[in-house]
Amino acid sequence: MRATFIQLRCKPGQTYKVAEQIMLKELHSELYSTSGEWDLMIKLYIPEEADIGKFINEMLVDVVGVERSLTTLTFKAF
């Protein structure tokens, strides 16, 4: 499993609704509200053999209120 972080920018006034939709999917390990340029940060684990782009698009594309996303992949360095 590969830890992946996805930051979401939500349409104004939609952050809590977006978070609720994500929580109902139960695909995340952790979900945070953040300050700054992005509104939410999701930590999830994606199977090594999975196509990351396809996985994210299939799991998050139907979440209403998401304006933009930024995906950060992690690699074992130590």
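This is a predicted model: local features need pLDDT of at least 70, side-chain atom pairs count only at pLDDT 80 or more; totals for chains, interfaces and linings use all residues.
Most residues other than glycine have a negative phi.

## Sheet

The strands form an open sheet of 4 members in the order β2-β3-β1-β4, and the pairing is antiparallel. β2 (30-33) and β4 are the edge strands; each has a single partner strand, so one side of each has no neighbour in the sheet. From one strand to the next, the twist averages 20°.

β1 and β4 run antiparallel and are joined by 7 bridges. Opposite Cys10 stands Val66 of β4. The antiparallel pair β2 and β3 is held over 4 bridges, and Glu30 has Lys43 in β3 as its bridge partner. The hairpin of β2 and β3 has 6 residues between the strands, and Gly36 in this hairpin has a positive phi near 100°.

## Helices against the sheet

α1 lies across β1, β2, β3 and β4, and the angle between α1 and β3 is about 15°. α2 lies across β1, β3 and β4, at about 125° to β3.

At the start of α2, the backbone nitrogen of Gly53 has a side-chain oxygen of Asp51 within 3.1 Å. Helix α2 covers residues 52-60, and Ile52, Ile56 and Leu60 are buried in it. Viewed down the helix axis, the buried residues of α2 fall within an arc of 30°, so they line one face of the helix. The elements covering these buried residues include β1, α1 (15-25), β3 (40-46) and β4 (66-73). On the other side of α2, the exposed residues are Lys54, Asn57 and Glu58.

## Nonpolar core

The largest nonpolar core has 15 residues, and the members that touch the most others are Ile6, Leu8, Val18, Ile22, Leu40, Ile42 and Leu60. Two or more residues come from each of β1, α1, β3 and α2. The most come from β3, which gives 4 residues.

Which residues does Leu40 contact, leaving aside its neighbours within four places in sequence? Under that condition, the contacts of Leu40 are Ile6, Gln7, Leu8, Cys10, Thr15, Val18, Ala19, Ile22, Leu31, Tyr32, Ser33 and Thr34. Among these partners, Ile6, Leu8, Val18 and Ile22 also belong to the group of core members that touch the most others.

## Arg9 and its surroundings

Arg9 is located in strand β1, which spans residues 2-10. With which side chain does the side chain of Arg9 make a polar contact? The partner is the side chain of Glu37, at 2.9 Å. Leaving aside neighbours within four places in sequence, Arg9 is in contact with Glu37, Trp38, Asp39, Gly65, Val66, Glu67 and Arg68. Val66, one of these contacts, is the β4 residue that stands opposite Cys10.

Conventions. Residues are numbered from 1 along each chain as its sequence is written. Side-chain values use heavy atoms; hydrogens and water are left out. A polar contact is a pair of N or O atoms within 3.5 Å; within protein, one must be able to donate a hydrogen and the other to accept it, and residues adjacent in sequence count only if both atoms are side-chain atoms. Contact means heavy atoms within 4.5 Å. Buried means under 20% relative accessible area, exposed over 50%, partly exposed in between (1.4 Å probe, protein chains only). The arc is that of the directions from the helix axis to the C-beta atoms. A nonpolar core is a set of buried Ala, Val, Leu, Ile, Met, Phe, Trp, Tyr and Cys residues joined through side-chain atoms within 4.5 Å. Two strands pair if DSSP finds at least two bridges between them. Axes are lines fitted to C-alpha atoms, for helices over the stretch in contact, and angles run from 0 to 180 degrees between N-to-C directions.
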